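Dear colleague,

I am passing on the structure we spoke about, and below it you will find my notes on what came out of it. Please read them with the coordinates open.

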Number of protein chains: 2
Amino acid sequence: MNETSGTAAAQPTERIPAAERREQILAAASVVFGERGYSGATTDQVAKVAGISQPYVVRMFGTKENLFLEVLARALERLVAGFRQIIAEPREHGDDEMELLAARLGGAYVDLIEDRGILLSLMQAFISGHNPVVGAKARAGFLEIYRMLRDEAGFPPDAIRGFLADGMLFNTLLAIRLPDIFDEDPDAEELMRCTFRGKLDLVLGATAAEAAADA
Amino acid sequence: MNETSGTAAAQPTERIPAAERREQILAAASVVFGERGYSGATTDQVAKVAGISQPYVVRMFGTKENLFLEVLARALERLVAGFRQIIAEPREHGDDEMELLAARLGGAYVDLIEDRGILLSLMQAFISGHNPVVGAKARAGFLEIYRMLRDEAGFPPDAIRGFLADGMLFNTLLAIRLPDIFDEDPDAEELMRCTFRGKLDLVLGATAAEAAADA
DNA sequence: GTCTATAGAGCGATAGAC
DNA sequence: GTCTATCGCTCTATAGAC
């Protein structure tokens with residue numbers, strides 16, 4: 001079953017197609033950038049999570065900045081595609097048509113940012129407004145969502161503001177890991193409940209699953 | 001008027017009391033941490049903005065982490081104190097009492113985050129949930145605001161959620177520097193207007209002033 | 001397709017003079 | 001109260017073997 005060597009040294013990495021390896025690295029990078037931030041993350045940490053060597057990460061993407069930009073682009077693509085699909089779904093017309101659509105979009109958004117890598121990569125982009133490349137992508141992405149809600153979903157201005165605002169509050173409460181202190185401070189759960197309402201179970205399920213994965 | 005030397009070398013820094021120098025460093029650090037993030041900022045950049053040497057920054061605060069924590073604590077203090085003062089102000093009772101109070105608090109918040117250092121230091125803290133020290137401060141600070149709105153201002157749950165959500169959207173649109181592209185994309189201004197409504201002039205005034213200062 | 005080795009640059013922190 | 005000099009570490013990126 002074993003190689004001849006009995007040491008615990010790193011086993012030679014399996015040779016797999018570059019495209020597949022790319023995906024592995026992007027998945028790892030999403031996690032690491034999400035947790036440590038763009039500057040705080042190192043290509044070596046990404047490499048370790050992906051199970052390969054640090055120079056190979058660099059080789060694959062040229063620079064650390066390119067790698068981050070691709071992670072960000074993927075997150076934005078998933079967000080836009082997810083929303084567009086829901087908006088395109090057939091829906092019954094009625095007084096609460098807009099509320100129903102907003103609830104569906106909100107649910108899809110919470111689903112998406114349950115992936116902490118996606119959540120924090122997006123937030124990293126938000127605070128990189130000063131960076132010409134990342135900042136431009138963040139502005140363009142935000143405006144694309146705005147146009148989609150206005151033109152494709154047909155939301156009136158106040159509904160757009162309410163929807164986007166709720167989303168940014170979701171981001172923040174999940175980013176600061178409010179569920180981590182539910183047992184230390186009952187107000188933490190109260191605030192989460194008041195913010196997420198029906199969506200809370202969704203969020204807590206994901207949080208619990210992540211905690212279990214950590215252990 | 002001049003020293004004997006005619007070179008353009010850095011002039012010897014004026015000797016000023018430590019407490020005053022501390023404030024200068026904190027002000028510089030707020031700007032630098034805000035723009036570059038905790039990991040992206042260097043103590044040398046802070047020192048240059050403050051007009052002193054890099055080792056002096058470290059000597060004053062022990063470590064870079066301590067310096068960031070103090071910047072964050074100052075921002076939270078200003079926020080909490082500002083809100084508390086407005087809530088304590090006498091107000092006429094009536095149907096729109098809560099709306100009026102919310103509008104005043106919102107205005108104060110926009111005033112505060114016009115200071116880009118404060119805005120981005122807060123947002124830096126939000127995405128540092130994984131960091132035991134910074135993350136704990138972020139959670140505690142957010143819950144303090146929540147309790148203030150619930151117990152001191154007397155807001156009902158939906159008003160709290162709406163207020164906090166609007167604030168987080170303010171944060172995001174300012175952080176990504178949406179006003180920077182008003183002339184490239186008219187939707188940018190439309191989104192800002194739909195979000196900030198009456199407060200827009202406040203925001204744009206500050207943005208214009210900052211742009212002028214940069215040049 | 002993947003690794004080891006290492007160059008080259010930057011950064012936080014310390015030591016010690018003035 | 002403030003600086004200069006510098007150590008030692010970490011990190012990105014390159015070179016080149018397999």
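Predicted model: local features only at pLDDT ≥ 70, side-chain atom pairs only at ≥ 80, totals over all residues.

Which exposed residues does the face of H3(A) turned away from its buried side carry? The residues in question are Pro55(A) and Arg59(A), both exposed on the face of H3(A) that is turned away from its buried side. The buried residues of this helix, which covers residues 54-61 of chain A, are Val57(A), Met60(A) and Phe61(A). Seen down the axis of H3(A), these buried residues fall within an arc of 80 degrees, so they line one face of the helix. As for their partners, the buried residues of H3(A) pack against H1, helix H2 (43-50) and helix H4 (64-88) of chain A. Just after H3(A), Gly62(A) takes a positive phi of about 85 degrees.

Turning to the chain as a whole, chain A has ten helices and zero strands, and its C-alpha trace spans about 70 × 40 × 35 Å along the principal axes. Of its 215 residues, 47% count as buried, and among the contacts between residues at least 6 apart in sequence, 65% join residues at least 24 apart.

The other part that I looked at is the interface. The contact takes 41 residues from chain A and 41 residues from chain B, and the area buried between the two chains is about 4,000 Å², of which carbon and sulfur atoms give 65%. On the side of chain A, Ile127(A), Arg161(A) and Ile176(A) lose the most area to chain B, together 17% of what that side buries. Arg161(A) also forms a salt bridge with Asp166(B), with the closest N and O atoms 3.6 Å apart; the count between chain A and chain B is ten salt bridges, and there are 14 residue pairs in polar contact, both residues being at pLDDT 80 or more.

The elements of chain A that give two or more residues to this side are helix H1 (18-40), helix H6 (116-126), helix H7 (132-152), helix H8 (157-175) and helix H9 (186-196). H8(A) gives the most, with eleven residues. By type, the residues of the side of chain A that touches chain B divide into 21 nonpolar, seven polar and 13 charged.

With best regards

Definitions and conventions: Residues numbered from 1 in each chain as written. Chains lettered and ligands numbered in written order. Heavy atoms only, no water. Contact = heavy atoms within 4.5 Å. Buried area = accessible area lost by both parts, 1.4 Å probe. Salt bridge = Lys/Arg side-chain N within 4 Å of Asp/Glu carboxyl O. Polar contact = N/O pair within 3.5 Å; in protein donor to acceptor, adjacent residues only side chain to side chain. Helix = DSSP H or I, 4+ residues; strand = E, 2+ residues; numbered from the N terminus. Nonpolar A, V, L, I, M, F, W, Y, C, P; charged D, E, K, R; others polar. Buried < 20%, exposed > 50% of the residue type's maximum accessible area, 1.4 Å probe, protein only. Arc of directions from axis to C-beta.
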